[in-house]
2 protein chains.
Amino acid sequence: MNSQEYPSRLLENAINELAKLPGIGKKTALRLVLHMIKWSNEEVEQFGTSFITLKNEVKRCKVCHNISDNETCDICSNTSRDNGIICVVENIRDVMSIEHTHQFNGLYHVLGGLISPMDGIGPADLTISSLIERIGSGEIKEVILALSTNMEGETTNFYIYRKIKDFPISISTIARGVGFGDELEYTDEITLGRSIKNRMPFEKTFGDNH
Amino acid sequence: MNSQEYPSRLLENAINELAKLPGIGKKTALRLVLHMIKWSNEEVEQFGTSFITLKNEVKRCKVCHNISDNETCDICSNTSRDNGIICVVENIRDVMSIEHTHQFNGLYHVLGGLISPMDGIGPADLTISSLIERIGSGEIKEVILALSTNMEGETTNFYIYRKIKDFPISISTIARGVGFGDELEYTDEITLGRSIKNRMPFEKTFGDNH
């Protein structure tokens, strides 16, 4: 269309807002907004305010920096969890992923990113000093580094390791190897090489495939 | 996770709202909401209110039922357009599609759907009586039926045709045939058959491929 692409400025405005989200183009946004117009006033009101309320009221847990409705998140304030183990992760989605496995009952520490000089992210942009404080408090027995196995993850692992290696704690990292259900033929060389080098007693795998 | 899938009720609420949109699942909604959290308060406010404002303030043009910011839409109130021709379409997206072609300078009539007994949509649910009133006003010379070429479209075409055939107007429908760029080999039989039956003088196609 010539001067005006949409028949209504209000419609155009709503489309432009929705298209700010990653992966949502103008065509998809148009389709979604036209769908939304059919909702009741109350439903649209509820939709729009949910994001504003989230942004205004959501907090970061003062202990682990996970997203939370309270000063301290539900995981950190759960007394049935082992507060001697900290699992260090990049972001809150990783917390959710690990929680889904039901294999971990300790606490987390959310870094808020990975060290990436290319993106201008240095150690000071992450919650590493807060992690060191937590470890310094003395209650921690083990730190698990559960970061992505890419360049940024390895750099961050190594940086944190050097900062905390003198504390009287054990430091581990998540096992790397061939994924469950993967075919050896299609596994990359580095992963396969590491999985052979770090082979483990067969008995230890009993019960893994639950 | 056991009782709680997300670390925050506010987050969960925003995710559930976003996942009400068609084609957006919980995982996508989570990704989008976590992206949104990084926006400034003002940006989120602007995002959320854009939908509420749209819902509260957008109007339907009283002439053609297109979506509009005013009582009468920009197309109907544009005096440089031919108000003797009405193009009947299913919805406002069709208006936008036809406007994009720059091949039509008349007015529109938005039905708001197609007759579909299966979905419980009858003629009274559409703006057909309002179309008949417009035609009855006497200024209309031509009505173009530009509906989808499926069963519902054909039914609606035929219903409208019977209602308006006695007015002193010409009634046309959009040309059906092989689409531009289509290969004959992959064109369905009905389309190909019709395109041969309704063949047109070759000179008329000059300038079509602009």
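This is a predicted model: local features need pLDDT of at least 70, side-chain atom pairs count only at pLDDT 80 or more; totals for chains, interfaces and linings use all residues.
The side chain of His109(B) forms a polar contact with the side chain of Arg134(B), at 3.1 Å. His109(B) sits in strand S4 of chain B, which spans residues 107-110. With a relative accessible area of 0%, His109(B) is buried, because buried here means under 20%.

Once neighbours within four places in sequence are set aside, His109(B) is in contact with Val63(B), Cys64(B) and His65(B), with Ile86(B), Cys87(B), Val88(B) and Val89(B), and with Thr127(B), Ser130(B), Leu131(B) and Arg134(B).

Attention now turns to the two chains together. Chain A contributes 57 residues to their contact, and chain B likewise contributes 57 residues. Between them the chains bury about 5400 Å², with 70% of this area on carbon and sulfur atoms. No salt bridges are counted between chain A and chain B, whereas eleven residue pairs, both members at pLDDT 80 or more, are in polar contact across the interface.

On the side of chain A that touches chain B, at least two residues each come from helices H1 (9-18), H2 (26-36), H3 (41-57) and H4 (92-101), and from strand S2 (67-68). H3(A) supplies the largest share, 16 residues. By residue class, this side of chain A comprises 26 nonpolar, 17 polar and 14 charged residues.

Terms used. Residues are numbered from 1 along each chain as its sequence is written. Chains are lettered from A and ligands numbered from 1 in the order in which they are written. Side-chain values use heavy atoms; hydrogens and water are left out. Contact means heavy atoms within 4.5 Å. Buried area is the accessible area (1.4 Å probe) that two parts lose on being put together, summed over both. A salt bridge is a side-chain nitrogen of Lys or Arg within 4 Å of a carboxyl oxygen of Asp or Glu. A polar contact is a pair of N or O atoms within 3.5 Å; within protein, one must be able to donate a hydrogen and the other to accept it, and residues adjacent in sequence count only if both atoms are side-chain atoms. Helices (H or I, at least four residues) and strands (E, at least two) are DSSP runs, numbered from the N terminus. Ala, Val, Leu, Ile, Met, Phe, Trp, Tyr, Cys and Pro count as nonpolar, Asp, Glu, Lys and Arg as charged, and the others, Gly among them, as polar. Buried means under 20% relative accessible area, exposed over 50%, partly exposed in between (1.4 Å probe, protein chains only).
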